[in-house]
Amino acid sequence: MLGRYAELKAQLPPETILFYQVGTFFETFEEDAKKTSQALSIRLTSREAAGEGRVPLAGVPGHSIQEHLATLLRKGHSVAIAEQRPHPVKPKQFTREISQVLTPGTVIEDNVLSAGHANYLAAVVVRDGTAGVAVVEASTGEFTGTEVPEGGVAAELERWSPRELVVPERTMAENLPKIEAKFSPAPRWTFEPSAGEQSLKKHFGVSNLKGFGLEGQPALVGAAGALIQYLGSLRAGTPPEQVVSFRTYSPDAGMVLDSTTRRNLGLEDVISTTDRTRTPMGQRTLRRWLERPLLEVERIEQRLSAVDAFAGDYMLREETRDVLGRIPDIERIATRIVRLSASPNDLLSLKGALEAIGPLKETLNRAAEGSQLLSRVLGAMEEPPGVRELISAAISEEDGEIIRAGYSTELDEAREFRDGAHEWLTRFEAEERLKSGVKTLKVGYRDGEGYFIEVAGKDTGSVPDHYQHRKALKHNARYVTTELKEHESRMLGARDEVDRLERQILAEIRAAVKEAAPDLQRIARAVAVVDVTASFAAAATELRYCRPAVSEERGIHIVAGRHPVVEHNTETPFVPNETEIEGASRLQIITGPNMAGKSVYLRQVALVTLLAQTGSYVPAGSATLGVVDRIFTRVGAEDRLASGESTFMVEMTEAASILNSATERSLVILDEVGRGTSTYDGMSLAWAIAEYLHDDVQALTFFATHYHELTRLADILPGCHNYKASVEEVGGEIVFLHRIEEGAESSSYGVHVAKLAGLPPQVTERAGEILGRLETEGVKDFAG
Ligand code: ADP
Ligand code: MG
């Protein structure tokens, strides 16, 4: 038996865990068993294998396999299943074939996916210094890609944060992009442009790729084709039919927010604070918009106008959101429909969704006048003809049956026969009781035993001669008759027939609804846009946000700006702050004691900008913003969980990437750069970095620092200004005002902050003394 296991295992990529069905269990062996037992916290045992001694084994029962697979996939493993089937010719023997390969980036099952997150699978191939990056979301059918210079691959992938990345087999480790994902090797030839063209043409059923804008992009054609091939190689070779089209995108169309910046800015918290979406599609789209802000003023304005339409009309907004609340995950249902794995419940929820589209269009009609985006979206909500009617007519909402009575005459007749067979039994029982005179006689049924006549033990003497004895129990006995057995086979036949017809009709309905899948995906996307813009409007009203004025003019002007997350979590009321930065005065050096509000202020400026470019209202009294091409952040070591690497090295690597990639249109946030090294090293580096940003890069830069020496830059560089997070000294105690104002902070108040933290008075007093002497006399011997 392990021979067959080894054969199947050899067909799979080595890291794929194979679950091999043995009876009602799914077993894993050897290395797989070790991985599985660890990942699932189940027992590792062993079994005897012919000629190999004992091999490790870990298994799970069939009824819980789905749940275990979901856990493994979530943990980043790929899994395959070899199911056992009766051997076609040899009775009582089994064959096993791989029926499914599931990988983290290709799952479409709801129990593995989280509703609010997209689950991307990407492929990358490099040709002549140009990289093709293709991305697919298997559960929604989204399929897109672009070409970038080879060096830009990691940044481009950051945009998508794929769970899994398909790369040409035998790619050297040092040539793999530095991202966190499961790497899946695929045959090299599948990445060839000619092979890519073939598989894309075949998949989409087209004679050329003009319609997809793929001409002259051989690397992208290779990557996209490899993805289609890869998807097709899983699930027993079923092509990924949910993927119905491809569009190229321009890397310039959206801002790149790398994962460090997303983390530094606390984007997750921003999402959870502002998300007011009502549908899973909306939830995923909100996240996508925030992770990829726009760069074109016109598109930003279109979104803002849509938000405006909802923000200005309470009734409209709430009616729209009520209808949205009734719409299930159409996008993922559409995918299951295409894969022909949609359940009757999926079909019913799809019907419910389509029923909600009418009312949604009605309310939207009122909003669309003022908004190009919403009127475009309204146009995309054309319902596919006949789908809803078909589901209503065919799918039953009753428990225990799939197909509605009256839909198919053939099925109705089969059911009638089955139910008639039931009446026959009741009649048979009454007649037998009468004929035999045995009052305790009744007809029963048990799985494995079939139908029988049962009489009480005391009556066994009175049963008719033609009853065949089957079983004696403690208190009664069971018999059958030829007539009953004949009936039984008719009855079971009728049941099977009903099942068979139901399944057949369900398959026909799925196939019919499948035709509408592209329409359903289109509707799902339109619903998502409505949901996100209405969510932005709801958050804006609830959280008192304003519509930003967005332009091409370089500069950020914010009146009474707030931090979208911190404003809800401060002990004292949040203090709003003003921001003024532009080309001519482009570098702000911000000093002030610890805990005074510098980091919050920096992030607040970045987040207001980011929200505005997403098309959202912003937490401010008013805001006028020039579009920035990228937001760079570098946050000091102490503000971050230390990773394994040397913090100074991490810091300098990040600083290098900012200095090399930022432009005069970028927004740069530097928070305590230079901390990870000695004071003089750190200060000199901070100084040089600030100078370079001001003179050469000319980006809009906010630089918070505890190096007071940096405030001297303002005297030297024309575009540099000093700001401070202000504090008040009241009777020797300091009070943080959290107000950012012009000027340089002369004292670091470090000793005061230490006192607040509860250091013994003896220590803080002595420190105060040393500080005083340091300031007047310079470094000396402090003994005595
Ligand atoms: P710094 O970077 O100057 O050391 P932070 O920006 O981390 O200080 O702020 C310290 C704390 O002060 C924050 O956790 C927050 O609770 C509070 N805080 C910051 N800014 C404000 C503000 N504008 N209004 C009210 N509280 C604030
Ligand atoms: Mg700070």
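Residues are numbered from 1 along each chain as its sequence is written, and chains are lettered from A and ligands numbered from 1 in the order in which they are written. In this predicted model, local features need pLDDT of at least 70 and side-chain atom pairs count only at pLDDT 80 or more, while totals for chains, interfaces and linings use all residues; side-chain values use heavy atoms, with hydrogens and water left out.

Glu 331 belongs to helix H12 (residues 330-338) and Arg 284 to helix H9 (residues 280-291), so the pair ties together parts that are 47 residues apart in sequence. Helices (H or I, at least four residues) and strands (E, at least two) are DSSP runs, numbered from the N terminus. Glu 331 and Arg 284 are both buried, where buried means under 20% relative accessible area, exposed over 50%, and partly exposed in between (1.4 Å probe, protein chains only).

A salt bridge of 2.8 Å, N to O, is also formed by the side chains of Arg 547 and Glu 301. This pair links distant parts of the chain, 246 residues apart: Arg 547 is in the loop between helix H18 (517-543) and strand E17 (549-551), and Glu 301 is in helix H10 (residues 297-311). Arg 547 is partly exposed at 30% relative accessibility, and Glu 301 is likewise partly exposed, at 25%. In the salt bridge between Arg 170 and Glu 169, the closest N and O atoms are 3.8 Å apart; Arg 170 is exposed at 66% relative accessibility, whereas Glu 169 is partly exposed at 28%.

Tyr 451 lies in strand E14 (residues 450-456) and is buried, with a relative accessible area of 5%. Its contacts (heavy atoms within 4.5 Å) beyond four places in sequence include Leu 425, Val 443, Val 480, Leu 484, Met 491 and Arg 495. Lys 485 is also among the residues that Tyr 451 touches; the two are 34 residues apart in sequence and 7.3 Å apart in space, C-alpha to C-alpha. Lys 201, located in helix H5 (residues 193-204), is buried at 18% relative accessibility. Excluding residues up to four places away in sequence, Lys 201 touches Val 206, Ser 207, Asn 208 and Leu 209.

Ligand 1 is surrounded by 13 residues, the closest being Val 575, Met 595, Lys 598, Ser 599 and Val 600; a residue is counted if one of its heavy atoms lies within 4 Å of the molecule. Helix H19 (residues 598-614) supplies the largest share of this shell, three residues. Oxygen atoms of ligand 1 lie 2.7 Å from a polar side-chain atom of Ser 599, 2.8 Å from a polar backbone atom of Val 600 and 3.0 Å from a backbone N or O atom of Gly 597. Of the 560 Å² of accessible area that ligand 1 has on its own, the protein covers 81% (Shrake-Rupley method, 1.4 Å probe).

How values were computed. A salt bridge is a side-chain nitrogen of Lys or Arg within 4 Å of a carboxyl oxygen of Asp or Glu. A polar contact is a pair of N or O atoms within 3.5 Å; within protein, one must be able to donate a hydrogen and the other to accept it, and residues adjacent in sequence count only if both atoms are side-chain atoms.
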